[in-house]
Amino acid sequence: MIIIAIFAGAITGIVLGLFGSGGSIIAMPALMYLLNVEAKSAIAMSMGIVAVTATVSGWDNWRRGNVDLKVAAMFGFFGVIGTYGGARLGVYTPVQVQLTLFALVMYAAAWKMLQSKKQPVSQLATAGGPPLSEDEVISAHMGHIAAHGVGVGVLTGLVGVGGGFLIVPALVLLSGIPMKLAIGTSLVIVAAKSYSGFAGYVGAVPVDWTTMALFTTVTVAGSFVGTRIAHRFSQATLKRSFGIFLVFVASYILLKSVV
């Protein structure tokens, strides 16, 4: 059991370090199918694990100047509200519904990962004029960022995902910030929302604190390994590989737990 927890935690951390997202997508199925944790407990525990790991990775990115605190605060504030509400809703939602939504979210994320890269908003000219600056684009889209924060937050709490694979594309599209900055900012947001979601489940579902602590420790270590590995591959290769992986995992969840 300990060896399995170490292996699963390492994979979760490596994926989070590689992509700045996807921690819960690995952690939740690993807890369920490798460690035999009950579904709702696995959802809650995966959020706690990702909360701590994203905090450590987010702090490291902030130290390197890869976090936009203004965007993180706006998205994170509304995301926390949505996540807590989604988590409370998740307590009363049938497991089959949660797992189906989880798989569908993974398919959507895979589709996004496999798409060709599009031109960021910040590079677009306005009405024939010069392109907007990064700060101007961010300020103009704060309302959209807040609304998206609520939507992603509800989904995060309901199905137990950190939402980073949705936040990163949203930040690039809505605010036009560079990919590296979007990943760092996403980790800060994921941490805040995951803490909120975990709080929504604690007391309502059982939590195996020992397994969670071991899993979290290994996941944090794995995240640093993933960050180093990421530098050896192009972003396009990483995105394609992750997209294909998501399709396989989502299909497995549907076949084993829903169909």
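**Notes on the predicted model**

1. In it, Ser41 touches Val205 and Pro206, once residues up to four places away in sequence are set aside. Ser41 lies in helix H3, which covers residues 39-63. With a relative accessible area of 4%, Ser41 counts as buried, because the cut-off for that class is under 20%.

2. *Residue Ala27.* Helix H2 spans residues 23-34 and contains Ala27. The relative accessible area of Ala27 is 0%, so this residue is also classed as buried. Apart from neighbours within four places in sequence, Ala27 is in contact with Thr12, Ser46 and Phe215. Between the C-alpha atoms of Ala27 and Gly9 the separation is 7.2 Å, with the two residues 18 apart along the chain.

3. *Overall fold.* The protein contains eleven helices and zero strands. In sequence order the pattern is therefore α throughout, written α-α-α-α-α-α-α-α-α-α-α. Of the 259 residues, 53% are buried.

4. *Confidence.* The protein has a mean pLDDT of 80, and 85% of its residues reach 70 or more. By helix, the lowest confidence is in H6 (residues 134-140), with a mean of 56, and the highest is in H3, with 89. Ser41, discussed above, belongs to H3. Over residues 119-127 pLDDT stays under 50. For that stretch the model has 16 contacts beyond four places in sequence.

5. *Surface.* The accessible surface of the protein comes to about 11500 Å². Carbon and sulfur atoms account for 70% of that area. One nonpolar surface patch, of about 340 Å², is made by Ile4, Phe7, Ile11 and Leu34. Helix H1 (residues 2-19) provides the largest share of this patch, namely three residues.

6. *Residue Phe7.* Which helix holds Phe7? Phe7 is found in helix H1, and Phe7 is also one of the residues that make the nonpolar patch. Is Phe7 buried or exposed? Its relative accessible area is 53%. Phe7 is therefore exposed, since the class begins at over 50%. Ser41, by contrast, is buried at 4%, and Ala27 is buried at 0%.

Methods: Residues are numbered from 1 along each chain as its sequence is written. This is a predicted model: local features need pLDDT of at least 70, side-chain atom pairs count only at pLDDT 80 or more; totals for chains, interfaces and linings use all residues. Side-chain values use heavy atoms; hydrogens and water are left out. Helices (H or I, at least four residues) and strands (E, at least two) are DSSP runs, numbered from the N terminus. Buried means under 20% relative accessible area, exposed over 50%, partly exposed in between (1.4 Å probe, protein chains only). Contact means heavy atoms within 4.5 Å. Accessible areas come from the Shrake-Rupley method with a 1.4 Å probe; for residues, only the protein chains shown count as cover. pLDDT is the predictor's confidence in each residue, from 0 to 100. Patches are made of residues with over 30% relative accessible area and no salt bridge: like charges are joined within 9 Å, nonpolar side chains (Val, Leu, Ile, Met, Phe, Trp, Tyr) within 5 Å. A salt bridge is a side-chain nitrogen of Lys or Arg within 4 Å of a carboxyl oxygen of Asp or Glu.
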